[in-house]
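This report looks at how the inside of one protein chain is put together. Please keep the sequence and the structure in view while reading.

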Amino acid sequence: MLSRVANSIYWISRYIERAENYSRFVSVNLNLALDAPGILTEQWEPLLIATADNYSFFEYHSRANRNNVIDFMTFDKRNPNSIYSCLSAARENARTIRESITKDMWEHINIFYLKIKETQSAKNWDVEQLQQFFTEIRDGCQLFWGIVDSTVTRNEAFHFGRMGRFLERADKTSRFLDVRYFTLLPDDEAFGSPQELLIWTSVLKSVGAFNMYRQEHRVINPSHIVEFLVLDKSFPRSVFYCIRQAELSLYEISGHKMTEGYSNPAEKSLSKLRHEIEFTEVEDIFEKALHPYLDEFQIKNNNVAKNIFDTYFGLKPIEQ
């Protein structure tokens with residue numbers, strides 16, 4: 001298939017997944033502020049830092065309060081990662097390749113985008129209205145994945161989209177975990193305090209993992225949470241699961257058997273990353289410290305994306 005088409009499908013999936021994850025970020029932080037009034041009500045800057053949006057945010061705002069952060073992460077056209085920008089970019093990519101995607105996919109993305117476009121700002125909304133809005137964003141994104149799953153042939157296009165979706169999800173799961181690192185607690189609220197446990201609970205809820213986690217573990221324990229969200233082989237939002245699924249789709253695209261080794265730099269970097277995570281234990285993560293480990297993973301995950309671009313999407317010199 002044309003690299004232009006493959007690139008658009010890949011980025012449609014990444015943008016939709018990013019929009020869903022941003023809605024989860026903000027929604028859970030709203031609940032967290034309500035659950036711990038007076039302690040965590042102003043903890044909005046950690047969201048910006050964890051998503052690396054803090055630099056662009058402070059170009060336009062002086063304070064990271066609730067209204068400014070929510071508006072910047074949701075509606076601000078100047079933020080290329082805002083929910084609006086992601087849905088706009090997904091729609092534009094879909095528009096240029098309408099002949100290569102299903103009618104249901106295009107109609108849903110178009111309607112979804114137009115609905116968000118009509119909503120200019122949420123600065124005057126109360127918490128209940130905000131939560132309802134972010135629930136609708138998540139529902140719209142999940143409906144898109146259902147449409148893809150039930151209407152798209154399992155061909156190269158499907159696997160380019162699937163690969164983009166899981167690479168994006170792996171990155172955002174790592175950033176959900178990183179929010180804890182950037183969230184400040186008073187000195188007397190040390191490890192094991194109710195506020196500390198509340199934050200870890202919010203991390204689980206951010207990725208929709210709370211119920212599945214509690215089925216495996218009786219107590220909220222940071223070590224168990226990190227192990228579940230990074231190393232679990234069955235939970236669909238864990239870092240390992242996402243990287244593994246992206247790897248399977250990458251090899252489906254090339255038609256190369258994983259048992260025979262890699263056939264291009266993209267396969268090499270992704271398989272190497274998957275092996276590193278697969279043979280990591282939670283003790284190894286805490287020995288290095290959680291934030292440096294997640295930071296290192298995000299760099300490697302970005303390097304995988306670069307190798308995918310160079311292998312499949314980038315312009316290549318014509319051999320004489």
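The largest nonpolar core has 94 residues, and those with the most contacts inside it are Met163, Leu167, Leu177, Leu229, Ile243, Ile277 and Ile308. Such a core is a set of buried Ala, Val, Leu, Ile, Met, Phe, Trp, Tyr and Cys residues joined through side-chain atoms within 4.5 Å, where buried means under 20% relative accessible area, exposed over 50%, and partly exposed in between (1.4 Å probe, protein chains only). The element that gives the most to this core is α1, with 12 residues; helices here are DSSP runs (H or I, at least four residues), numbered from the N terminus. Leu177, for its part, touches Trp200, Val203, Ile225, Val226, Leu229, Val230, Leu290 and Leu294, when residues up to four places away in sequence are not counted and contact means heavy atoms within 4.5 Å.

The model is predicted, with local features needing pLDDT of at least 70 and side-chain atom pairs counting only at pLDDT 80 or more, while totals for chains, interfaces and linings use all residues. Residues are numbered from 1 along each chain as its sequence is written, and side-chain values use heavy atoms, with hydrogens and water left out.

In general, side chains of opposite charge can pair when their charged atoms come close. A salt bridge is counted when a side-chain nitrogen of Lys or Arg lies within 4 Å of a carboxyl oxygen of Asp or Glu, and by this rule the count comes to 22 salt bridges.

Which parts of the chain does the pair of Glu17 and Arg237 tie together? Glu17 lies in helix α1 and Arg237 in the loop between α11 (222-231) and α12 (239-254), so this pair ties together parts that are 220 residues apart in sequence. Both Glu17 and Arg237 are buried, and the relative accessible area of Glu17 is 0%. By comparison, Asp149 is partly exposed, with a relative accessible area of 49%, and Arg154 is partly exposed at 43%. Elsewhere, a network of salt bridges links Arg14, Arg18, Glu168, Asp171, Lys172 and Arg175.

Technical notes:
Helix = DSSP H or I, 4+ residues; strand = E, 2+ residues; numbered from the N terminus.
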